[in-house]
Amino acid sequence: MSKPKKVVLAYSGGLDTSIILKWLQEEKGCEVVTFTADLGQGEELEPARRKAEAAGVKEIFIDDLREEFVRDFVFPMFRANALYEGLYLLGTSIARPLISKRQIEIAHQVGADAVCHGATGKGNDQVRFELAYYALDPEIKVIAPWREWDLNSRNKLIEYAEKHDIEIAKDKRGEAPFSVDANLLHTSSEGKVLEDPYQEAPEFIYQRTVSPEDAPDKATFIEVGFERGDAVSIDGVDMSPATILTKLNELGGANGIGRLDLLENRYVGMKSRGVYETPGGTILLMAHRGIEQITMDKGASHLKDELMPKYAELIYNGYWYSPEREMLQAAIDKSQELVTGSVRLKLYKGNVDIVGRKSPYSLYSQEHVTFEEDDVYDQADAGGFIKINALRLRLLKARDRKAGKNI
């Protein structure tokens with residue numbers, strides 16, 4: 001790879017990416033453009049601008065991507081009810097393709113020939129970023145400092161920062177208690193105090209949710225409205241995608257909803273422990289399941305559930321821009337055409353329960369399921385249905401008896 005001349009760095013303003021910025025200038029000798037994405041992580045982003053300016057960066061991008069994040073990435077994923085390994089709502093995974101997309105757009109805009117991320121060589125994010133980069137621009141140069149430099153400890157990073165007059169937050173001067181990634185969908189914590197999977201995560205890990213034990217003793221009831229599989233309102237008030245997720249986060253956090261302690265299988269081969277908080281997403285998943293219950297055909301619903309694990313794995317592993325993910329998305333989106341209506345939910349001490357659902361396209365027929373007398377269903381028909389379905393089982397049993405198998 002030829003030496004890069006101009007690089008777009010995914011920049012948070014924290015210790016690691018501040019060091020990467022300087023390292024790119026010193027070791028690579030290239031011009032650095034910083035890009036900071038506002039995905040609803042809840043942090044003030046202007047300090048990142050000031051730090052980049054202090055480092056001599058001339059082109060600084062700080063983009064509010066919250067609406068695009070929820071509308072074009074989170075909502076399509078939730079149409080699939082995607083859960084990695086049956087539990088994880090993919091909050092970090094789904095943010096990476098958007099960050100990568102915007103990085104490539106900026107690279108094209110400013111004439112950069114390279115992009116850079118701060119993911120380590122042990123994790124999934126390096127894969128997610130780089131698969132997205134190459135899918136969007138096959139010729140782009142990718143710089144991954146953690147796979148190149150020798151700054152492989154916290155002490156070495158701090159020494160480098162002090163040598164180059166890089167600002168270090170006071171809480172970074174010791175061993176950081178854990179690592180955090182956050183966006184509007186979730187927070188993810190890992191490392192340090194969480195590295196022993198047998199020890200319960202301490203309460204200070206949690207940032208968005210109260211403990212279920214400390215949640216209100218009175219339940220909260222809400223109603224979420226849907227159109228074509230996407231949430232569009234809360235309690236009858238229409239809201240934008242990011243506003244809906246923000247409101248659900250507030251409601252879920254206050255009721256102790258959305259905590260997950262997961263030992264997961266990373267794409268790179270190792271197991272890792274992550275502690276996640278996804279309060280709004282947990283409510284949204286249950287609500288979406290509720291509206292699908294009343295609007296989706298059994299065959300379509302069951303097939304969609306069979307496709308979901310593959311879809312979730314593709315997102316987890318970084319294949320958002322792959323043809324197979326797009327093929328699955330087309331099938332999922334087709335299934336959502338009449339997934340419209342509203343779902344009532346009860347939020348109480350860490351739990352989300354569906355307590356009601358309705359839709360103008362409901363497939364629920366009270367006439368057919370009533371225990372009272374009806375004129376639409378002849379119960380005698382069930383006998384023939386059962387005999388036809390039992391035919392192969394009867395023939396198998398007859399054969400086994402001839403073979404002397406008494407089972």
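One definition before we start: a residue is called buried when its relative accessible area is under 20%, exposed when over 50%, and partly exposed in between. Keep in mind that this is a predicted model.

Glu130 has a relative accessible area of 11%, so Glu130 is buried. Its salt-bridge partner is Arg147, with the closest N and O atoms 2.8 Å apart. Where do Arg147 and Glu130 lie? Arg147 is in the loop between β5 (141-143) and α6 (154-163), while Glu130 is in helix α5 (residues 125-136). The pair therefore ties together parts that are 17 residues apart in sequence. Is Arg147 buried or partly exposed? At 46% relative accessibility, Arg147 is partly exposed.

Stay with salt bridges. How many are there by the rule used here? The count is 28. Here are two within helices.

Take Arg49 and Glu46. Their side chains form a salt bridge at 3.0 Å, N to O. Both sit in helix α2 (residues 46-54), and because they are 3 residues apart, about one helical turn separates them. Arg49 is partly exposed, at 26% relative accessibility. Glu46 is partly exposed too, with 32%.

Now Lys101 and Glu105. Their closest N and O atoms are 3.1 Å apart, and the two form a salt bridge. They share helix α4 (residues 96-110), where they are 4 residues apart, about one turn of the helix. Lys101 has 23% relative accessibility, which means partly exposed. Glu105 has 33%, so Glu105 is partly exposed as well.

Next, the annotated site. The UniProt record, an unreviewed entry, carries a "binding site" annotation covering Ala10, Tyr11, Ser12, Gly13, Gly14, Leu15, Asp16, Thr17, Ser18, Ala37 and Gly118. Of these residues, Tyr11 and Ser18 are included in the lining of the second largest pocket.

Look at Ser18. Ser18 is in helix α1 (residues 15-28). Its relative accessibility is 9%, so Ser18 is buried. What does its side chain reach at 2.8 Å? The backbone oxygen of Gly14. Setting aside neighbours within four places in sequence, Ser18 touches Tyr11, Gly13, Lys51 and Ile166.

Ala37 comes from the same annotation. Find Ala37 in strand β2 (residues 31-38). Ala37 is buried, at 11% relative accessibility. Beyond neighbours within four places in sequence, its contacts are Leu45, Asp63, Leu65 and Ile99.

On to some strands. Strand β6 (residues 179-182) and strand β7 (residues 187-190) run antiparallel, joined by 4 bridges. Asp181 has Ser188 in β7 as its bridge partner. What joins β6 to β7? A hairpin, through 4 residues. Strand β7 also pairs with strand β12 (residues 271-277), antiparallel again, through 3 bridges. There, Thr187 stands opposite Glu277 in β12.

Last stop: His288, in helix α8 (residues 279-295). Its relative accessible area is 1%, so His288 is buried. Which residues does His288 contact, leaving aside neighbours within four places in sequence? Phe78, Arg79, Asn81, Phe226, Gly229, Lys304, Gln336 and Val339. Now trace the chain to Ala403, 115 residues apart from His288: their C-alpha atoms are separated by 51 Å.

Terms used: Residues numbered from 1 in each chain as written. Predicted model: local features only at pLDDT ≥ 70, side-chain atom pairs only at ≥ 80, totals over all residues. Heavy atoms only, no water. UniProt positions renumbered as here; feature names shortened; annotations may be inferred. 1 Å grid on protein atoms, 1.4 Å probe; cavity = no way out; pocket = protein on both sides within 12 Å on 5 of 7 lines; lining within 4 Å. Buried < 20%, exposed > 50% of the residue type's maximum accessible area, 1.4 Å probe, protein only. Contact = heavy atoms within 4.5 Å. Polar contact = N/O pair within 3.5 Å; in protein donor to acceptor, adjacent residues only side chain to side chain. Pairing = 2+ DSSP bridges. Salt bridge = Lys/Arg side-chain N within 4 Å of Asp/Glu carboxyl O.
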